[in-house]
Amino acid sequence: MSVKPLLALLAASSVLFLSACQPATDGNLYGYDFSGARITYKISGSSEGKSDVLIKGEKKYIHNQSVQKKANGETSEVDNIIILDGSKLYSLDPKTKTGSMITQPYYSDLIKLTPEERKQKMLTDAINDNRTPEEQQKNPLLPTGTEVVAGQKCDTYKSGNIETCLWQAIPLRTVVSMPDYGIETTTLATNIDLSQTIADSEFAVPSDYKITELN
């Protein structure tokens, strides 16, 4: 598989989710109207598995576990943890207990934007709109409809070979359709729990992991 479809597939489960946010309120860059959330996703289609997500302010934790089915009948396992803590992004391998950390300039760039600029940028990132800014401004992508997923109302967007339904700019249903590469994967939120208090320790990198700083 080439880099482009692989990145698109990753976007369905991680990249889109990491970038999703709303205008900053009360010092929280992401501006969610909840203090914490636990979201469980089911992954089905050419990949089968689950994704567990925790959100608290600017802290996010994503654990992806799936088996990808290749066109030749072979399979490959995915088991990775992504932790976002402000500008720091950690990618962890639970099997080898190793990982990497990068400091994202993207984060500090967002802070400099006005709330409306930030909202628009996060939307285009979340729906994987890779057109030029001029094209986006001339023909902005609008929701094609609404639906209810895991008890929350979300807006559906279609961009290229990815369809996603966003609630507070969080993808609740994402479909990646790339038949030429044998990819047809749906990532669907099956449960959203907004009632629990989430401790900061749940976003900490375990002390027995060896972390390499990449910048």
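## Nonpolar cores

The largest nonpolar core contains 19 residues. A nonpolar core is here a set of buried Ala, Val, Leu, Ile, Met, Phe, Trp, Tyr and Cys residues joined through side-chain atoms within 4.5 Å; buried denotes under 20% relative accessible area, exposed over 50%, and partly exposed the range in between, with a 1.4 Å probe and protein chains only. The residues with the most contacts inside this core are Phe-34, Ile-39, Tyr-41, Ile-55, Trp-167, Ile-170 and Leu-172. Two or more residues each are given to this core by S1, S2, S4, S9, S10 (170-178) and S11 (183-193), and S1 supplies the largest share, three residues. Strands (E, at least two residues) and helices (H or I, at least four) are DSSP runs, numbered from the N terminus.

A second, separate core has ten residues, among them Tyr-61, Tyr-90, Leu-92 and Ile-198. In soluble globular proteins, nonpolar side chains tend to be buried together.

## Basis of the model

The model is predicted: local features require pLDDT of at least 70 and side-chain atom pairs pLDDT 80 or more, whereas totals for chains, interfaces and linings use all residues. Residues are numbered from 1 along each chain as its sequence is written, and side-chain values use heavy atoms, with hydrogens and water left out.

## The sheet

Twelve strands form an open sheet of mixed pairing, in the order S7-S8-S9-S10-S11-S1-S2-S3-S4-S5-S6-S12; two strands pair if DSSP finds at least two bridges between them. At the edges stand S7 (145-149) and S12 (210-213), each of which pairs on one side only. Neighbouring strands are turned against each other by 20 degrees on average, direction ignored. The axes behind this angle are lines fitted to C-alpha atoms, for helices over the stretch in contact, and angles run from 0 to 180 degrees between N-to-C directions.

S2 and S3 (residues 59-69) pair in the antiparallel sense over ten bridges. In this pairing Lys-50 stands opposite Gln-65, and Leu-54 opposite Tyr-61. Their hairpin has two residues between the strands, and Gly-57 adopts a positive phi near 60 degrees. S3 also runs antiparallel to S4 (residues 75-85), joined by eleven bridges, with Lys-60 opposite Leu-84. Five residues lie between the strands in the hairpin of S3 and S4, where Gly-73 has a positive phi near 95 degrees.

## The loop residue Ser-46

Ser-46 occupies the loop between S1 (37-45) and S2 (47-56). At 11% relative accessibility, Ser-46 counts as buried. Its side chain makes a polar contact of 2.8 Å with that of Thr-185; such a contact is a pair of N or O atoms within 3.5 Å, where within protein one must be able to donate a hydrogen and the other to accept it, and residues adjacent in sequence count only if both atoms are side-chain atoms. Beyond neighbours within four places in sequence, Ser-46 is in contact (heavy atoms within 4.5 Å) with Val-67, Gln-68, Lys-69, Gly-182, Ile-183, Glu-184 and Thr-185.

## The disulfide

One disulfide is counted, the criterion being a pair of cysteine sulfur atoms within 2.5 Å. Cys-154 and Cys-165 form this bond, with their sulfur atoms 2.2 Å apart. Cys-154 belongs to S8 (residues 152-159) and Cys-165 to S9 (residues 162-167), so the pair ties together parts eleven residues apart in sequence. The torsion about the S-S bond of Cys-154 and Cys-165 is about 100 degrees, and the disulfide is therefore right-handed. Both Cys-154 and Cys-165 are buried.
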